[in-house]
Amino acid sequence: MMHWITGLKHNWGMKLFCLFCAIGMWVFVMKDQNPVIEMTYTVPVQVQNLDPNYLVEGVPTEVRVHLRGPRNAIFDINPSVLKAYVNLKNAHVGQENIAINFTAPTGTFIDSMTPENVTVTVDEYMVKELQVQAQPLGTVPNDIAIKESKIMPTTVTIAGPAHLVSKATYAVIRINLDKHRESFTEVGEILPVDTSGNVVEGLTVTPKGAQIQYDLERIRMEKKVPVQANVVGNVPVGYTVKRVVVEPKELTIVGKESILNGIDGVKTIDIPVNGATGSFTGNYSFVLPEGVTTSTDRVVVKVEIEPHM
């Protein structure tokens, strides 16, 4: 036993050398089994501590983080839990440059992060009500007129950064009128616009869509109607009006659809037969409602009168 202890007291240099070699070998083996590696992750960026009365623009949705560390530590990372954030606790209205914060998982180190800083714009949150107007695109055909248009709803609410909300002066729903010949109803997107009619982007519009109803009518409609001779008065006793012949029997009238829809025929001016004892023929004009015209000014009316047999 004493011999073994005495042996330990000799050859210290060689023994230390062997110890260092063993440690070096262990480090070499461990590095070979768990080497340092690098990995790049796409990490979402969160906004923290922002005053609820404020909105922020310019914060990136994600950053690229390059991590370095032992292979085991890198492989243990769950990418879905990695988060970066910007702290806007002391933010005020205007622009400022802020840092993007990220904490590396245990055992790893941040090699680089892109971007590391970002310039953001902080603004007040604003809500406003706007009137909705129709903004027709194109035109209806020349023989069609717009009688009336109705929009539902007539107002919308917009919300967003104050500098954008203040630009919007009214809202529009854009409807293409080309080729429409009949009344129609359509649903379109509501767009907030400025005084020049340019769309103001980046706002929340509630509701997003509106319904518009157009009541159209033909302003030059043609319609064929029968012609009726308006015979008035009475022939003398012993005589009778045997037949009344009108030529032409039909007439083409022109006018607005709303007027012509209520016309089933056209009468001539009064044709008196008081005291008549014989047939007669004449050219007679018509009695037409206002706004109605015809290419023929007169018709020929023959009134046949005969004595009783």
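**Note on the predicted model**

1. Of the 309 residues in the protein, 30% are buried. The model is a predicted one. The accessible surface is about 19500 Å². Carbon and sulfur atoms contribute 53% of that surface.

2. Secondary structure: the protein has 5 helices and 22 strands. Contacts reach across the sequence. Taking those with a separation of 6 or more, 73% join residues 24 or more positions apart.

3. In general, strands of a sheet pair through backbone hydrogen bonds, in either a parallel or an antiparallel sense.

4. How do β18 and β20 pair, parallel or antiparallel? The sense is antiparallel, over 2 bridges. Strand β18 covers residues 266-272. Within this pairing, T268 faces F286 of β20.

5. Now Y239. This residue belongs to strand β16, which spans residues 239-247.

6. Which residues does Y239 touch, apart from its neighbours within four places in sequence? The contacts are T277, I305, E306, P307 and H308. Take H308 from that list: H308 and Y239 are 69 residues apart along the chain, yet their C-alpha atoms are separated by 5.5 Å.

Terms used
Residues are numbered from 1 along each chain as its sequence is written. This is a predicted model: local features need pLDDT of at least 70, side-chain atom pairs count only at pLDDT 80 or more; totals for chains, interfaces and linings use all residues. Side-chain values use heavy atoms; hydrogens and water are left out. Helices (H or I, at least four residues) and strands (E, at least two) are DSSP runs, numbered from the N terminus. Contact means heavy atoms within 4.5 Å. Buried means under 20% relative accessible area, exposed over 50%, partly exposed in between (1.4 Å probe, protein chains only). Accessible areas come from the Shrake-Rupley method with a 1.4 Å probe; for residues, only the protein chains shown count as cover. Two strands pair if DSSP finds at least two bridges between them.
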